[in-house]
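Subject: Handing over the structure

Dear colleague,

I am passing on the structure that you will find just below, and after it I set out what was found. Please read the notes with the structure open beside them.

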Amino acid sequence: PQSKLPALGTTIFTRMSALAQQHNAINLSQGFPDFDGPDYLKQRLAYHVSSGANQYAPMTGVAPLRAAIASKTQRLYDYLPDKDSEITVTAGATEALFAAIAALVRPGDEVICFDPSYDSYGPAIELAGGIIKRLTLQPPAFRVDWAAFSALLSPRTRLVILNTPHNPSATVWQADDYAALWQAIAGQEIYVLSDEVYEHICFAPQGHNSVLAHPALRERAVVVSSFGKTFHMTGWKVGYSVAPAAISAEIRKVHQYLTFAVNTPAQLALADMLDAEPQHYLTLPEFYRARRDHFVRSLASSRFKLLPCEGTYFLLADYSAISDLDDVSFCEWLTTDVGVAAIPLSVFCADAFPHKLIRLCFAKQQSTLDAAAERLCRL
Ligand code: PMP
Ligand code: GLN
């Protein structure tokens, strides 16, 4: 058939993980922990499966999980979304992002993305007939130039997609970014899609700054999160969106025909987990900070130059002292010849991104990080 996405191949995450496996390399490419989530969560899943919670969940998500998400949102961001009309449980954040884009973007609408950007946004916008307007952010700070942002706005601008803490740059949005965003879009019918899947993996002293904590912005925002990151269970693929009722109603029209509903016992187990340990997420910054700091220390004698990491479980490393290869070729060579798989930064950018930067995932056991650092320090 004639492709609807002719420029698209297989995702970099699938390709790099496959290459890592083929060459028996230490896989710091695709973002996932090499350790398991809480035992209690696994026990609750087994319990719900054996007690027969094995049929379709309600389309919007099981009630106890939506209630737990609502109270978590209130505790963290001082905002209580309505659990019945404003929270929708989805098959990972990926489905929430796709459903929100499909629901909001009409053919010919313009969507502003900040590159480097997570790889699922672009294809979803294209399939909806939208036109992507990109603003490429520059290392090491990856800050938005708000004059350049305003120059991208047009009467056709429909949506702005942001992501904080940011994959892959590991930077976070600050209060003045939100003030500038609001100043630029106030008074226009522009929606905001905020990808906050790393909301609990934030090392910035001021903590995670959620769109949900901004009363004006959240009136026209969709905020997306994922339990995969929070509970070290990326394979469970349970996420959610929080949006005002009128926007949620449109998202649900897509969700009900994309997946209809999400895995029932996993949702019930996650609700139990959130109820039993409502403070679990408070332990995550320290948990990942220790891994980040250990990895940074063990790379201190390498020739990589590490960039600051304020959030996510990714660390950026500049390899310009080691090689002249472009980042894609460098990552392939690193996997096949050095035995460490990483992700090149340029794949997150549609326009030229000639920096020598790679992304390393540190959501790994200390022994994995040590083995990888030993190989990287030899270069
Ligand atoms: N957004 C970002 C920025 C991500 O890094 C990821 C996955 N790591 C997702 C969305 C997708 O999350 P999920 O696995 O829950 O679909
Ligand atoms: N989000 C993960 C990453 O950035 C990968 C998810 C996927 O493989 N699609 O590495």
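The centres of domain 1 and domain 2, taken over C-alpha atoms, are separated by 25 Å, the domain bounds coming from an automatic or database domain assignment. That assignment gives residues 12-37 + 282-377 of the protein chain to domain 1 and residues 39-279 to domain 2. This is a predicted model, in which local features need pLDDT of at least 70 and side-chain atom pairs count only at pLDDT 80 or more, while totals for chains, interfaces and linings use all residues. Residues are numbered from 1 along each chain as its sequence is written, and chains are lettered from A and ligands numbered from 1 in the order in which they are written.

Between the domains, 31 residues of domain 1 are in contact with 29 residues of domain 2, where contact requires C-beta atoms, placed from the backbone, to lie within 7 Å of each other. On the side of domain 1 that touches domain 2, the elements giving two or more residues are α12 (284-298), β10 (314-318) and β13 (357-361), with helices (H or I, at least four residues) and strands (E, at least two) being DSSP runs numbered from the N terminus. Of these, α12 gives the most, with four residues. By class, this side of domain 1 has 22 nonpolar, four polar and five charged residues, counting Ala, Val, Leu, Ile, Met, Phe, Trp, Tyr, Cys and Pro as nonpolar, Asp, Glu, Lys and Arg as charged, and the others, Gly among them, as polar.

Strands β10 and β13 also belong to an open sheet of four strands, ordered β9-β10-β13-β12 with antiparallel pairing, where strands pair if DSSP finds at least two bridges between them. Because β9 (305-306) and β12 (343-344) stand at the edges with a single partner strand each, one side of each is left without a neighbour in the sheet. Five bridges join β10 to β13, and F314 stands opposite C361 in β13.

Turning to strand β5 (residues 157-163), seven of its seven residues are buried, that is, with 20 or more other C-beta atoms within 10 Å of their own, C-beta atoms being placed from the backbone. Four bridges join β5 to the parallel strand β3 (residues 110-115), with E110 opposite T157, and five bridges join β5 to the parallel strand β6 (residues 191-195), with I161 opposite L193.

With best regards

Definitions and conventions. Contact = placed C-beta atoms within 7 Å. Buried ≥ 20, exposed ≤ 12 C-beta atoms within 10 Å, placed from the backbone.
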